[in-house]
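This briefing goes through one protein model, topic by topic. Look at the sequence and coordinates first, then read the points below.

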Amino acid sequence: MIQLPPLSDPLWSQDEAIAFEAARECLGDMMAICSAAIHEVKCTSQADPQRLANLEAELAALAAERTSLHVGDHDGIARVRAFFGQRVREYRHSGTQTSI
């Protein structure tokens with residue numbers, strides 16, 4: 001018979017894991033919105049280089065925030081969910097791709 005080591009306590013709760021994944025999802029949605037806006041700017045005949053640079057900087061900042069977020073950062077997770085969650089909801093409600 002195979003002996004398994006005793007189970008230890010989980011490193012985080014299910015609620016913490018769900019909140020963390022929801023925050024990452026908000027950031028992923030914002031990255032998708034930002035990527036679509038970048039595509040839209042690049043496809044115009046007179047692309048605004050400053051707008052493009054701002055969008056690319058925002059995309060990089062979103063990616064960095066998503067990478068640095070961790071399950072134990074309760075304040076950061078709450079901030080991301082509140083701020084970016086609201087922005088995603090507004091974007092989806094407006095139905096525009098340039099509202100970022």
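Asp29 counts as buried because its relative accessibility is 18%, where buried means under 20% relative accessible area, exposed over 50% and partly exposed in between, with a 1.4 Å probe and protein chains only. Asp29 lies in helix α1; helices are DSSP runs of H or I with at least four residues, strands are runs of E with at least two, and both are numbered from the N terminus. Beyond its neighbours within four places in sequence, Asp29 is in contact with Val88 and Arg92, contact being heavy atoms within 4.5 Å. The model is predicted: local features need pLDDT of at least 70, side-chain atom pairs count only at pLDDT 80 or more, and totals for chains, interfaces and linings use all residues. Residues are numbered from 1 along each chain as its sequence is written, and side-chain values use heavy atoms, leaving out hydrogens and water.

**Other single residues**

- Glu65 lies in helix α2 and is buried, with a relative accessible area of 18%.
- Neighbours within four places in sequence aside, the contacts of Glu65 are Leu27, Arg79, Val80 and Phe84.
- Ala37 is found in helix α1 and counts as buried at 2% relative accessibility.
- Between the C-alpha atoms of Ala37 and Ala53 there are 12 Å, with the two residues 16 apart along the chain.
- Gln46 sits in the loop between α1 and α2 and counts as exposed, at 71% relative accessibility.
- The C-alpha atoms of Gln46 and Glu16 are separated by 46 Å, and these residues are 30 apart along the chain.

**Nonpolar core**

- A nonpolar core is a set of buried Ala, Val, Leu, Ile, Met, Phe, Trp, Tyr and Cys residues joined through side-chain atoms within 4.5 Å.
- The largest such core has 22 residues, and those touching the most other members are Leu62, Leu69, Val80 and Phe84.
- At least two residues of this core come from each of α1 (14-42), α2 (49-68) and α3 (74-94).
- The largest share, twelve residues, is supplied by α1.
- Phe84 is in contact with Cys26, Leu27, Met30, Leu62, Glu65 and Arg79, leaving aside neighbours within four places in sequence.

**Packing of α2 and α3**

- The axes of α2 and α3 come within 13 Å and cross at roughly 145 degrees; axes are lines fitted to C-alpha atoms, for helices over the stretch in contact, and angles run from 0 to 180 degrees between N-to-C directions.
- The crossing of α2 past α3 is left-handed, that is, the near helix is turned anticlockwise from the far one by less than a right angle.
- On the α2 side Glu58, Leu62 and Glu65 meet Arg79, Val80, Phe84 and Arg87 of α3.
- By class, this contact of α2 with α3 has three nonpolar, no polar and four charged residues; Ala, Val, Leu, Ile, Met, Phe, Trp, Tyr, Cys and Pro count as nonpolar, Asp, Glu, Lys and Arg as charged, and the others, Gly among them, as polar.

**Whole chain**

- The protein chain has three helices and zero strands, in the order α-α-α along the sequence.
- The chain is more spread out than a compact globule, because its radius of gyration is 18 Å, well over the 13 Å given by the globule rule for 100 residues; the radius is taken over C-alpha atoms, and the rule is 2.2 Å times the number of residues to the power 0.38.
- The C-alpha trace spans about 70 × 25 × 25 Å along its principal axes.
- Of the 100 residues in the chain, 27% are buried.
- Among contacts in the chain with a separation of 6 or more, 69% join residues 24 or more positions apart.
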